[in-house]
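Please find below a colleague's note on the structure shown here. The points run from the overall fold to individual residues.

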Amino acid sequence: MTEPICEVIITADNEDWLVGFTRALVQERLVACGQHIAPVRSVYRWDGTIHDDSEMRVALHTRASLVEQVIERTRRAHPYDVPCVLAFAIEAGNSDYIKWVIAETSEPGGDHPA
């Protein structure tokens, strides 16, 4: 059986930063790819004030076993105090695509599969 994969969603207010961060995650083999959607409209309460802002969103595909590393990497690098980082389990999908995601990401700890 193939290792499970997840989709990780991250939002940011700076498209260039988010694209660069996605590129870094792909280069580091923490994710196989990132699909960017811009703009998205975010309505939220922060510090007692309602905000209505334009943001960008990326859907990252990775191994379930790498999600915690992606979350920690995002916490360290993201310009927000509390970045949106949400992971969703993939229940089913194109088996060839799932195998590709596994092949393009590292084993937890940094080893690339043979």
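1. The chain contains 3 helices and 4 strands; both kinds of element are DSSP runs numbered from the N terminus, helices being H or I with at least four residues and strands E with at least two. In sequence order the pattern reads β-α-β-β-α-β-α.

2. The model is a predicted one, in which local features need pLDDT of at least 70 and side-chain atom pairs count only at pLDDT 80 or more, while totals for chains, interfaces and linings use all residues. Residues are numbered from 1 along each chain as its sequence is written, and side-chain values use heavy atoms, with hydrogens and water left out.

3. For 114 residues, a compact globule would have a radius of gyration near 13 Å, and the 15 Å of this chain agrees with that. The radius is taken over C-alpha atoms, and the globule rule is 2.2 Å times the number of residues to the power 0.38. Along the principal axes, the C-alpha atoms fill a box of roughly 50 × 25 × 20 Å.

4. How much of the chain is buried? Buried residues account for 34% of the 114 residues, where buried means under 20% relative accessible area, exposed over 50% and partly exposed in between, with a 1.4 Å probe and protein chains only. Of the contacts between residues at least 6 apart in sequence, 74% join residues at least 24 apart; a contact means heavy atoms within 4.5 Å.

5. The accessible surface of the chain is about 7000 Å², and 51% of this surface belongs to carbon and sulfur atoms. Such areas come from the Shrake-Rupley method with a 1.4 Å probe; for residues, only the protein chains shown count as cover.

6. Two rings pair if their centres lie within 6.5 Å, using Phe, Tyr and the six-membered ring of Trp; planes under 30 degrees apart count as stacked, over 60 as edge-to-face and the rest as tilted. By this rule there are 2 aromatic pairs. One of them joins Trp 17 and Phe 21, a stacked pair with 4.9 Å from centre to centre and 10° between the planes. Both residues lie in helix α1 (residues 15-27), 4 residues apart, about one turn of the helix. Trp 17 is partly exposed because its relative accessibility is 23%, whereas Phe 21 has 5% and therefore counts as buried.

7. The rings of Tyr 97 and Trp 100 have centres 5.5 Å apart and planes at 35°, so this pair is tilted. These two residues are 3 residues apart in helix α3 (residues 95-104), which means a separation of about one helical turn. Tyr 97 is partly exposed at 30% relative accessible area, and Trp 100 is partly exposed at 34%.

8. Most residues other than glycine have a negative phi, and most peptide bonds are trans. The backbone features below should be read with this in mind. Ala 38 and Pro 39 are joined by a cis peptide bond with omega of about -15°; Pro 39 is found in strand β2 (residues 33-46).

9. Which loop holds Arg 29? Arg 29 is in the loop between α1 and β2. Its phi is positive, about 65°, although Arg 29 is not a glycine. With a relative accessible area of 27%, Arg 29 is partly exposed.

10. Asp 47, also a residue other than glycine, has a positive phi near 55°. Asp 47 lies in the loop between β2 and β3 (49-63). At 68% relative accessibility, Asp 47 counts as exposed.
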